[in-house]
Amino acid sequence: MALKPFKAPGARLALRSKPARQYFSAAEGRAEVILDISRLLSRSFHAAPTGIDRVEYVYARELLERMPDRLAFAAVHPAGGYYGRLNEAAVRQFLAFTAARWRNSTAKDEAASRAAVIKHLIALRPRPVPRATRPRVYLQVSPHHLDDPDQVGAILRAEGARFVTLVHDVIPLTHPEFARPQGAEEHLRRVRTIDRFAHGIIGNSQATIDALAPHMTRGLEGRQLCVAHFGADPPDLFGGESHAVPTRPYFVYISTIEPRKNHLLLLNVWRRLVERLGDGAPVLVLIGRRGWENENVVDMLERAEILRGHVIEAGSVPDTEMHALVAGARAMLMPSFEEGFGIPVIEALSVGVPVICSDIVAHREVGGAAPDYLDPLDGLGWMRMIDAYRQPDSPERAAQMARIGDWRAPRWSDYFDVITRLLDDVTACAFA
């Protein structure tokens, strides 16, 4: 299990701003946790989620189960900059609607879905912050509005709350060439906000915490820290019917199409495989929307006639279709240059599907000994491995299947044990 709590040596909670109330007694109960779901609201018109969307959803789902008596919701509303509390019943209905939409969204019902989204957003309009009766922790697990420190500071003052945030990655700072234009500047503002306000920091991997540390001018000591690896939901969690999959051997890659994800390597590998094998070449299924600065990849997808029928750009697909595609694949491919975590690695291994991924720190941390690792620049190595895995009696694939049997999937229950402890640690000194 790659799941471990972490504290800086000699860590002591350092207050960055004075909470509105510091005189609560232990008798007043454990702290109130306010979960920010701004990201989910801002993405409510998108039928398919990103990895960050899924994480925020799971936090809402799991914390509602664990601490319904001390959990509240807040958001920076899409209709404007006003922040405030959200009605819990309306949040529950919005979460159920969101899960159903992710499960089986189709183009034909998008008009009805948009109307339903508007209805939910009206129901989720923020309410004033109530008077505090016990200590508060404001928990934000997405980067939404972290680039606006004034807004974050105003929210924390209104709540009289300590701030805990989840850091997904620091890639725009460590690898600015993979970010959108101005992406590094925007991410630096986020990190500066975390540096200024965070009493607790959650890292999705030790690799992320290690990458974050050099950019924290006030350092990591004096804060509560933990590293916890995301869990994986079973593919039948939301139910739904199965979907058709390619009849030939195929591989899948789940990712937004952007330079960091290294799609160009796979497309060149597939071109070579088709030139050599013709109709005997395997199929590559790309799941995910088109992102930014991907002109070379788009040119190959749209103009390379040799790849027709061999590379399928599925785009954003409902969860049931994605699960069916992953389950039938010869392997999940993950050739990205850099990751903060790599959720598809966990999701594939959790359902017994082999993974061939780039040999980077984050993938090693979450995949352990199970996947086959290759340098993201080793095109010939990727071609040889994919060619081997396409074979029905592939010894390489059989060897990984045996290793997967010894691999233990991280569980959300263990994850939230760690998160709950962190939240309690952050508020412990509020009772002092």
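In which crossing, left-handed or right-handed, does α2 pass α3? The crossing is left-handed, a term for a near helix turned anticlockwise from the far one by less than a right angle, with clockwise giving right-handed. The model is predicted, with local features requiring pLDDT of at least 70 and side-chain atom pairs pLDDT 80 or more, while totals for chains, interfaces and linings use all residues. Residues are numbered from 1 along each chain as its sequence is written, and side-chain values use heavy atoms, without hydrogens and water.

Helix α2 spans residues 51-66 and helix α3 residues 88-104; their axes are 11 Å apart and pack at about 130°. That angle makes α2 oblique to α3. Asp53, Arg54, Tyr57, Ala60 and Leu64 of α2 meet Glu88, Arg92, Leu95, Ala99 and Trp102 of α3 (contact means heavy atoms within 4.5 Å).

A second pair is formed by helix α9 (residues 263-277) and helix α10 (residues 295-303), whose axes come within 9 Å and cross at roughly 30°. The two are therefore roughly parallel to each other (angles under 35 degrees count as roughly parallel, over 145 as roughly antiparallel, 65 to 115 as roughly perpendicular, the rest as oblique). The crossing of α9 past α10 is left-handed. On the α9 side, His263, Leu264, Leu267 and Asn268 meet Asn296, Val297, Met300 and Leu301 of α10.

Ile122 belongs to helix α4, residues 110-123.

Note on methods:
Helix = DSSP H or I, 4+ residues; strand = E, 2+ residues; numbered from the N terminus. Axes fitted to C-alpha atoms, helices over the stretch in contact; angles between N-to-C directions.
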